[in-house]
Amino acid sequence: PLTAPGRTVAGVDCAFLKGGRQIVAAAVLMDAETLDPLASAYAIQSVRFPYVPGLLSFREAPTELAALEKLPAAPDLLLVDGAGIAHPRHLGIATHLGLWLGWPTIGVAKSRLTGAHDPVGPARGDRVDLTAKGQILGQVVRTRNNVRPLFISVGHRITLPQAVDWTLRTTTRYRLPEPTRAADRLAAQLKRAL
């Protein structure tokens, strides 16, 4: 597991083009301390896997891997827009990418795929466990005061407390952590331009 602060973090996200026939994935590498962008990369591929609920990683991961491989260096930590083990099969896209790459990864999902949780307090840092069948799958975390919480789960090679800590550490003025927010913005810009 990730035991010391990393020097770099990265985020990855994607968007669909041409009526869903192509996918563009964007990856952004940042300084872990300052959150200054260090590099970015993207990849465009044809969609090769149909939409199947719960199997999104098979649709998105190949293009996200291609974008991540174009970064000039591997990050110490990858934040992924999507679920880690907080997934009906315990294998969301963050886990899928982490296992493939061997990198520490965090699933940062905007919506719940599985499990249940108690209400989350209104303040930044408030959190509750996300559970299913008596097992903790992740935590539901408020990253800013009075905004919708995020669903944080382990992707690979990180503990849940570390995942929540890194998510909060990399979240500044917005709901999303800066690495995934920057990747989302780049993917959206590319979608508009292409």
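Q: What makes Arg169 count as buried, exposed or partly exposed?
A: This is a predicted model, and in it Arg169 has a relative accessible area of 37%. Buried means under 20% and exposed means over 50%. The value for Arg169 falls in between, so Arg169 is called partly exposed.

Q: Why is the contact between Asp165 and Arg169 called a salt bridge?
A: The N and O atoms of these side chains are 2.6 Å apart. The limit is 4 Å between a side-chain nitrogen of Lys or Arg and a carboxyl oxygen of Asp or Glu. An Arg and an Asp at 2.6 Å meet that rule, so the pair is a salt bridge.

Q: Where do Asp165 and Arg169 lie?
A: Both belong to helix H3, which covers residues 160-169. They are 4 residues apart, about one turn of the helix. Asp165 has a relative accessible area of 36% and is partly exposed.

Q: How many salt bridges does the structure hold?
A: There are 4. One of them links Asp81 with Lys110, whose closest N and O atoms are 2.8 Å apart.

Q: How do you know whether Asp81 is buried or exposed?
A: Its relative accessibility is 17%. The cut-off for buried is under 20%, so Asp81 counts as buried.

Q: What makes Arg181 and Glu178 a salt bridge?
A: Their side chains meet at 3.2 Å, N to O. That is within the limit of 4 Å, so the pair qualifies. Arg181 and Glu178 both lie in helix H4 (residues 178-193), 3 residues apart, about one turn of the helix. Both residues are buried.

Q: What surrounds the largest pocket?
A: Its lining is made of 21 residues, and Leu56, Asp81, Gly82, Ala83 and Leu113 lie nearest its centre. The volume of the largest pocket is about 400 Å³. Strand S1 (8-17) and helix H1 (56-69) each supply at least two residues of this lining, and the largest share, 3 residues, comes from H1. By kind, the lining divides into 11 nonpolar, 6 polar and 4 charged residues.

Q: Which residues line the second largest pocket?
A: They are Val28, Met30, Leu35, Pro37, Ser40, Glu178, Arg181, Ala182, Arg185 and Leu186. Strand S2 (22-31), strand S3 (37-46) and H4 each give two or more residues to this lining. H4 gives the most, with 5 residues. This pocket has a volume of about 160 Å³, and its lining divides into 6 nonpolar, 1 polar and 3 charged residues.

Q: How many cavities of 30 Å³ or more are there?
A: The count comes to 1 cavity. A cavity is a space where a 1.4 Å probe fits but cannot get out. The largest cavity holds about 30 Å³ of space. Among the residues lining the largest cavity are Ala83, Leu113, Leu130 and Phe151. The lining divides into 6 nonpolar, 3 polar and 1 charged residues.

Q: Why do S3 and S6 stand at the edges of the sheet?
A: The sheet is open, and its 8 strands come in the order S3-S2-S1-S4-S5-S8-S7-S6, with mixed pairing. S3 and S6 each have a single partner strand, so one side of each is left without a neighbour in the sheet. Neighbouring strands are turned by 25 degrees against each other on average, direction ignored.

Q: How do you know that S5 and S8 pair?
A: Strands pair if at least two bridges are found between them. S5 and strand S8 (residues 150-156) are joined by 5 bridges, so they pair, and they run antiparallel. In S8, Val154 is the bridge partner of Ile106.

Q: What makes Glu60 buried?
A: Glu60 has a relative accessible area of 7%. The cut-off is under 20%, so Glu60 is buried. Glu60 is found in helix H1.

Key
Residues numbered from 1 in each chain as written. Predicted model: local features only at pLDDT ≥ 70, side-chain atom pairs only at ≥ 80, totals over all residues. Heavy atoms only, no water. Buried < 20%, exposed > 50% of the residue type's maximum accessible area, 1.4 Å probe, protein only. 1 Å grid on protein atoms, 1.4 Å probe; cavity = no way out; pocket = protein on both sides within 12 Å on 5 of 7 lines; lining within 4 Å. Points joined across faces, edges and corners; volume = space filled by probe spheres on them. Nonpolar A, V, L, I, M, F, W, Y, C, P; charged D, E, K, R; others polar. Axes fitted to C-alpha atoms, helices over the stretch in contact; angles between N-to-C directions.
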